[in-house]
Amino acid sequence: MKDHRKNPNGHYHFSGHDTTVLAKKYGTPLYVMSEDLIRERMDIIHEAFLKPYPKNKAAYASKAYLSMHMCRIVENKGFHLDVVSGGELYTAMQADFPVEKIIFHGNNKSIDEIVMAVSAGVGTIVADYEEEIDIIEEKAKELDKVVNVILRVVPEVEGKTHKHIMTGQKDSKFGLPIENKAMLRIIGKIHSSSALAFKGFHFHIGSNLYENEIYRRAIERVMHLIKLIKEHFSIDTEELNVGGGFGIVYDDENQRKPISFYVDAIMDEIQQQCRAHALKIPSVIIEPGRWIVGEAGITIYEIGAIKEIPGVRKYISVNGGIADNIRPALYNAKYDAVIANKNDQEKIATFSVAGKCCESGDILIHDLKAPEVERGDLLVVKSTGAYNESMASNYNRLPRPAVVFLKGNASKLMAKRETYESILQRERLAELS
Ligand code: LLP
């Protein structure tokens with residue numbers, strides 16, 4: 001690799017670290033996560049959402065980025081953990097994450113996953129459909145447990161986001177439609193079971209939302225349900241889980257919204273509605289994933305091929321792509337990037353950043369403004385902390401990058417880079433007959 005030690009002042013620093021030094025030490029492509037920034041985000045949530053409302057809970061949505069180390073940080077910060085599969089649950093358990101603080105989601109939990117969650121004593125299972133409630137009850141009885149259940153409902157509101165990550169609309173694979181004649185019967189079933197404890201409702205409108213009005217509308221709809229069950233069963237809903245979805249900055253600083261923009265609107269609406277309907281204010285749960293880790297991560301690549309198609313565009317190619325960041329291809333997601341070793345140089349060039357996968361759609365960034373580049377320069381893509389590593393694949397047999405965590409002046413390798421050999425480990429060769 002090219003030695004970038006000349007002109008260290010012109011280098012891009014992330015969370016107090018020279019990114020060219022990290023590239024040299026750990027190789028590229030490299031996921032870098034700032035533990036300091038992750039912790040800072042959680043502290044902000046504490047100040048804005050937990051301190052003023054001591055009954056409230058904040059869960060980290062582990063699908064955004066999960067590792068055993070991340071579980072330790074989440075626990076250390078007093079957060080709950082949202083998991084959506086046996087694999088996520090297993091990771092949390094291996095990190096000794098307190099099971100009673102785990103919220104188990106999923107639109108198609110397998111029987112094995114339900115058994116795993118119930119026997120582990122997971123804090124809450126979010127039931128997604130009626131038959132699942134029966135399965136949870138059956139397994140709870142078999143295992144002699146009482147399971148806290150929250151019912152996921154679809155609030156039938158549409159957030160402004162990519163359609164692949166909208167979940168609040170009527171036509172959704174998640175949850176029970178809110179306008180549902182069977183709703184009272186279903187809640188009655190949970191309420192009357194000796195193996196289940198009805199705790200409340202959950203909804204998740206969608207991901208990467210930059211509006212707060214939509215949360216108010218969803219809350220208003222769910223409040224009708226809370227009122228209904230108060231009337232029918234005299235139950236005060238203990239918990240209302242309003243999901244995650246808070247947007248972050250990708251390519252435009254103007255997108256930035258403080259957490260108070262979301263949580264103040266959420267709490268204000270819940271309080272207003274409870275007052276209007278004479279209901280007890282529930283414990284409110286939020287489940288942000290992206291907002292906690294998204295801007296706390298970057299990816300460092302090395303630039304290889306540079307190609308100009310006269311009059312059309314210039315491509316610079318990096319040593320990663322769709323396999324470590326599928327979001328541009330999947331959601332048309334936009335990212336910003338800098339040339340780590342030329343961060344002080346004028347942005348006089350425009351080019352598209354291509355990945356190395358054998359696919360024309362493997363373009364990480366269109367029309368990036370940057371200094372002139374050459375082979376061996378380092379590109380840092382910002383805000384890759386959420387849904388990059390967790391959605392990575394071995395497409396084209398690319399080994400998944402290493403993950404390095406930064407804390408203060410220290411950097412630590414927390415997940416090794418895959419190798420060609422480790423990719424082959426799942427396989428075996430057999431004689432052809
Ligand atoms: N709670 C539930 C029930 C969810 O389904 C999700 C995300 C979250 C919380 C956290 O949402 P966040 O705060 O991170 O927006 N792969 C997509 C995002 C999928 C999100 C799925 N559910 C992406 O890369 O944009």
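**Figure 1. Helix α3 and the glycine G78 that follows it.** In this predicted model, G78 comes after α3 and has a positive phi, near 75 degrees. Helices (H or I, at least four residues) and strands (E, at least two) are DSSP runs, numbered from the N terminus. Residues are numbered from 1 along each chain as its sequence is written, and side-chain values use heavy atoms, with hydrogens and water left out. Because the model is predicted, local features need pLDDT of at least 70 and side-chain atom pairs count only at pLDDT 80 or more, whereas totals for chains, interfaces and linings use all residues.

**Figure 2. The buried face of α3.** Helix α3 spans residues 68-76, and its buried residues are M70, C71, I73 and V74. Viewed down the axis of α3, these buried residues fall within an arc of 160 degrees, so they line one face of the helix; the arc is that of the directions from the helix axis to the C-beta atoms. Here buried means under 20% relative accessible area, exposed over 50%, and partly exposed in between (1.4 Å probe, protein chains only). The cover over the buried residues of α3 includes α2 (35-50), β4 (57-61), β5 (80-83), α4 (86-94), α10 (290-293) and β19 (402-407). Such cover is a matter of contact, defined as heavy atoms within 4.5 Å.

**Figure 3. The crossing of α2 and α3.** The axes of these two helices come within 10 Å and cross at roughly 35 degrees. Axes are lines fitted to C-alpha atoms, for helices over the stretch in contact, and angles run from 0 to 180 degrees between N-to-C directions. The crossing of α2 and α3 is right-handed; a crossing is right-handed if the near helix is turned clockwise from the far one by less than a right angle, and left-handed if anticlockwise. From α2, the contact is made by E35, I38, R39 and M42, and from α3 by H69, M70, I73, V74 and N76.

**Figure 4. S62 in the loop between β4 and α3.** The relative accessible area of S62 is 1%, so the residue is buried. Residues up to four places away in sequence not counted, S62 touches L81, D82, V83 and E88.

**Figure 5. F405 in strand β19.** With a relative accessible area of 3%, F405 is buried. Apart from neighbours within four places in sequence, F405 is in contact with M33, E35, I38, Y65, H69, I73, A410, S411, K412 and M414. The C-alpha atoms of F405 and G200 are separated by 37 Å, the two residues being 205 residues apart along the chain.

**Figure 6. The largest nonpolar core and its surroundings.** A nonpolar core is a set of buried Ala, Val, Leu, Ile, Met, Phe, Trp, Tyr and Cys residues joined through side-chain atoms within 4.5 Å. The largest has 108 residues, of which I38, Y60, M70, L151, F201, V293 and L379 touch the most other members. Helix α8 (residues 213-233) gives the most to this core, with nine residues. Domain 1 and domain 2 both give residues to the core, so it lies between them. Another core, of 16 residues, lies apart from it, and Y12, V32, L378 and A402 are among its members. For V293, contacts beyond its neighbours within four places in sequence are M33, I38, Y60, A64, Y65, M70, G385 and A386.

**Figure 7. The two domains.** The protein is divided into domain 1 (4-33 + 296-426) and domain 2 (53-293), with bounds that come from an automatic or database domain assignment. The C-alpha centres of domain 1 and domain 2 lie 34 Å apart. In the contact between them, 18 residues of domain 1 meet 17 residues of domain 2.

**Figure 8. Helix α7 and its cover.** In α7 (residues 183-192), the residues M183, I186, I187, G188 and I190 are buried. Among the elements that cover them are α6 (130-142), β8 (147-154), β9 (176-177), β10 (196-202) and α8.

Figure 9. The relative accessibility of D96 is 56%, so D96 counts as exposed. At 35% relative accessibility, N396 counts as partly exposed.
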